[in-house]
Structure formats: structure tokens, C-alpha cells
Amino acid sequence: MVLLIGVLAVGIVTTARASGQDATPETVDEQVVAEAEVEVVAEDAAGDEVVETEEVEEVGAVDLGVGYALDNAILFFCAILVLAMQAGFAMVEIGLNAAKNAINVLAKNFMDLSLGAMLFFFVGFGLMYPGSYERDPELPEISPYVAFGGSGIYETVDPERTFSPQVDWFFQAVFAATAATIVSGAVAGRMKFTAYLVYSVLLTGFIYPISGYWKWGGGWLTQFGEFVDGGWTMGFQDFAGSAVVHAVGGFAGLAGAIFLGPRLGRYTSSGKSVAMPGHNVAFAAIGVFVLWVGWYGFNPGSQLAFQGTSDIDATVFIAVNTTLAAAAGAIVAMFVSWVLFAKPDLTMGLNGALGGLVGITACCDAFSNYWAIVIGAVAGALVVGGVLALDKLKIDDPVGAFPVHGLCGVWGCMALGILPNAHLESESTSLWIQFVGTASICAWSFVTMSIIFGVLKMAGMLRVNPEEEQAGLDISEHGMYAYPQDSAPGGAVSN
């Protein structure tokens with residue numbers, strides 16, 4: 001929290017200095033040309049008399065047209081859909097965990113969004129999109145690895161702009177919050193709330209924006225091939241964030257699960273796995289439906305242009321690919337679990353749908369509808385295999401966050417280098433470039449978060465003690481119960 005307060009103070013001072021040096025209005029609607037004195041010289045035909053008059057003229061705000069309004073309105077709506085995914089993540093995590101940890105789950109998801117918005121405003125956006133801010137032309141070129149454009153939201157009155165800086169920031173901020181909240185499920189039931197806040201601040205304020213800059217901010221992952229006409233001919237492709245968002249969260253969650261260790265009772269002294277089913281699978285199912293709907297803001301919204309015929313055709317094409325991949329992932333995961341466990345496992349099907357959504361996120365613009373089904377089907381199988389692999393390794397991930405977001409995030413990006421798609425056909429990427437980009441982003445997230453979790457563990461700040469874990473994080477960390485009957489003697493919900 002001290003770090004957060006310090007960042008806020010620096011951001012406020014920086015913003016105040018910038019406003020004192022730059023008189024540019026914050027929005028185009030406020031741009032009014034000041035009253036000007038104009039001398040009108042009229043020559044009288046009879047006496048050549050010069051007459052001076054004052055004319056007060058006010059120029060109204062620049063109207064960028066219906067197309068500008070449409071692009072901004074749709075992107076704003078898509079950002080709201082992505083924001084609603086926070087509710088979906090919370091419901092999935094609550095449903096797949098013990099009732100005694102429900103408030104803790106809600107608190108973590110709520111603070112992911114709240115802290116994430118503040119940190120992304122003051123620090124994160126400037127790290128992720130440094131080129132959006134005005135720079136002194138005498139300064140050296142921006143580093144392709146780490147750069148900082150400034151604090152707050154950049155300003156522009158460029159009549160050629162596509163988006164308002166405000167909606168641009170809003171859309172990117174909800175993506176940052178999504179990356180942070182993925183980790184919550186992997187560390188559920190045993191992490192201290194203060195440790196989680198430290199992690200959330202560092203991921204959304206620094207770790208996610210830096211690797212995001214590598215791809216979406218014009219960093220080194222976009223600079224492959226030859227430099228022709230002011231641009232690079234090849235680059236790492238990740239349309240809406242299979243690696244940039246989901247793998248970052250998935251591999252951060254894996255690091256957290258490893259350093260925390262499994263929940264009490266998850267494995268016997270002999271190493272045998274003990275199932276710990278969630279207390280409300282109905283919550284989890286509804287949460288997946290909410291996430292599925294929210295993904296139509298995530299993927300189609302990343303088209304970032306909607307007013308032209310080709311733009312809207314691409315948007316709905318992306319939406320259909322998103323749907324097909326999710327459906328294929330759910331079907332394959334359900335049937336694979338049916339074969340392995342002799343019964344169709346609903347939770348595997350739910351995570352299979354999410355895996356399909358994560359997998360298609362990188363490539364929803366580049367594959368045909370049929371290949372989108374293949375992407376989703378492979379992701380569904382990866383989810384089941386990933387859950388079983390973690391169990392064998394005794395890594396406790398209560399909601400399957402790493403198989404869904406980590407493994408399927410990797411698969412979505414690597415598929416662009418393996419299967420026939422528009423990017424391979426145009427030679428804008430290759431298998432090697434996709435490997436380098438995916439490996440770099442995953443390693444960045446895993447290594448940096450391992451350092452953070454390791455330091456917290458050494459300081460004794462990472463995990464609650466066994467008594468607190470047994471009682472439940474709701475009462476031990478927050479001092480309240482999620483369900484009224486829990487507070488009544490003998491009325492606790494079975495866990």
C-alpha cells in the first residue's frame with residue numbers, strides 16, 4: 001500500500017507539472033478558439049476613409065463525424081463487456097472453491113479491478129503505450145524493451161485520430177484487470193490478502209504493461225523481418241491477447257501455486273490426490289456463461305475499427321470464430337473427461353469452453369471457421385491434460401487457471417506458426433517468431449512473479465497459517481461470513 005500511495009503521489013505531481021507547461025485542452029469539445037480582434041479596412045470611395053471594426057468570432061468544436069462516434073461508442077461498449085468478465089471470473093472461482101473462502105475471492109477480484117485501474121492510470125498505460133505521449137524530439141529513440149511515456153492519459157486534438165484517448169485508456173485498462181484476476185483462482189484458499197494486493201499492484205502496474213509494450217505498444221516483438229517504408233515486415237502475432245493477457249496471468253498463477261504449496265488436505269502424506277470439489281457448481285457454470293458473453297468484447301472489440309464494411313465483416317467473423325472455438329473446447333473437454341472418468345465432468349466442460357476462448361483469442365482474425373473449431377478442440381484437450389498433469393506434479397490449482405490460461409494461451413499463439421492462416425500466407429510471422437514471442441512473454445511473467453512470491457514467502461507474508469486456513473479466509477482475513485448460516489452454531493456450509 002505504501003508503494004501504491006507513492007505512485008499516486010508521483011503521478012499527481014507529474015500531471016500537475018504537465019498541465020502547467022502545456023495549455024492544450026483535455027478534450028476536443030473544450031477546444032474553443034479565443035475571441036479575436038479583427039481589423040476590417042474598408043476604403044470609402046469618396047474620401048478613402050478607413051473604418052476599423054471589431055468582430056468577435058467563436059469557432060465551435062471540431063466534429064469528427066458519425067464514423068468517429070460509431071467507433072468510439074462500440075469500443076466503449078466492448079470495454080464494458082470485458083469489465084463484466086470480472087463478475088464471471090469471480091463466480092467461477094467462488095463456485096469451484098470452499099464456501100468459507102467466498103468473501104476472500106470477491107475481495108481479491110474487486111481489488112484487482114480497483115487497484116488495477118489506479119495503477120494502470122498512473123503508471124501502466126505510460127509503460128505500455130509510451131509512443132502515445134508527446135516527446136521531446138531531441139530525446140533518443142524509445143527503447144524497444146522498456147519505456148515510459150508519462151503518467152495519466154495522453155492528450156491529443158489530432159483531427160485524424162480514430163479514438164478518444166479516454167476510451168482508448170478504458171479499453172486497455174479492463175484488459176490489464178483481466179490479466180491480474182486470472183491469478184486469483186490459482187492461489188485461492190491459502191494466500192494472505194495483503195500478499196495478494198502486493199502481487200496485484202506489481203502485475204497491473206509494471207509486469208503486464210512492459211510485456212504488453214513488447215507486442216501492442218510497438219516494442220521489440222513487432223520488429224522482425226525488414227524495415228520498409230517506416231514499418232517492419234514481420235512481427236509476433238497475438239490479436240487479442242492469448243499470450244499478452246492470458247498467458248501472463250496463467251504463468252503468474254503457476255508461480256503463485258508453486259510457492260504457496262497445496263491446500264491443507266489436498267494430498268495425503270503418501271502423496272495421494274484428494275478431490276476438493278467446489279461448493280456451488282451452479283455459480284461456476286453461470287460464471288462461464290458470463291465470461292463467454294464478455295469475450296465478445298474481448299475479441300471482436302480488438303478489431304478497433306467498426307464503421308467500414310470490411311471492418312464490421314471482420315468483427316462478426318471474429319465473433320463467430322470465438323463462438324465455434326468455445327463450443328468445440330467444451331465438447332472435447334467434456335467427452336475426454338467422460339472417457340477418462342466414466343462420467344461426463346461438468347467442470348471439465350466449463351473449463352474446456354474457457355480454454356477454447358483463450359486459444360482462439362490470439363488468432364480469431366486469421367483462421368477460417370473450420371480451423372477455429374480445431375483450435376478450440378485442441379484447447380479443450382489441453383485443459384484436461386493440464387489439470388491431470390498438475391495433479392501428478394502436486395501443484396494445487398483449484399480452478400485450473402494455468403491449464404486454461406497458460407497452456408491454451410501458448411497454444412493459441414503457437415497455432416499461428418503451425419496451421420494455415422492469413423498471417424503465414426502473408427509472411428507477416430513464422431513459427432520461430434511465434435515461439436520467440438510466446439516464450440519471452442511467458443518467461444517474463446513466470447520469472448518476475450516467482451521473484452515476487454519468493455520474496456513474500458521468505459518474509460513470511462505469503463500464506464496464512466494452518467489454523468486460519470482451516471477456519472476459512474472469510475473469517476480469518478476479513479472477519480465475516482459469506483453465508484448467514486455459517487455464523488450459526490452447527491449451521492456451517494459443508495466444505
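The model is predicted, so local features are given only at pLDDT of at least 70 and side-chain atom pairs only at pLDDT 80 or more, while totals for chains, interfaces and linings use all residues. Numbering starts from 1 along each chain as its sequence is written, and side-chain values rest on heavy atoms, with hydrogens and water left out.

Helices α3 (residues 102–128) and α4 (residues 165–186) have axes that come within 8 Å and cross at roughly 130°; helices here are DSSP runs (H or I, at least four residues), and strands likewise (E, at least two), numbered from the N terminus. Axes are lines fitted to C-alpha atoms over the stretch in contact, with angles from 0 to 180 degrees between N-to-C directions. The two helices are therefore oblique to each other (angles under 35 degrees count as roughly parallel, over 145 as roughly antiparallel, 65 to 115 as roughly perpendicular and the rest as oblique). Residues in contact (heavy atoms within 4.5 Å) include Phe120, Phe121 and Phe125 of α3 and Trp169, Ala173 and Ala177 of α4.

With a relative accessible area of 24%, isoleucine 74 is partly exposed (buried means under 20%, exposed over 50%, partly exposed in between, with a 1.4 Å probe and protein chains only).

Most residues other than glycine have a negative phi. Leucine 304, in the loop between α7 (281–298) and α8 (309–341), has a positive phi of about 65° and is partly exposed at 33%.
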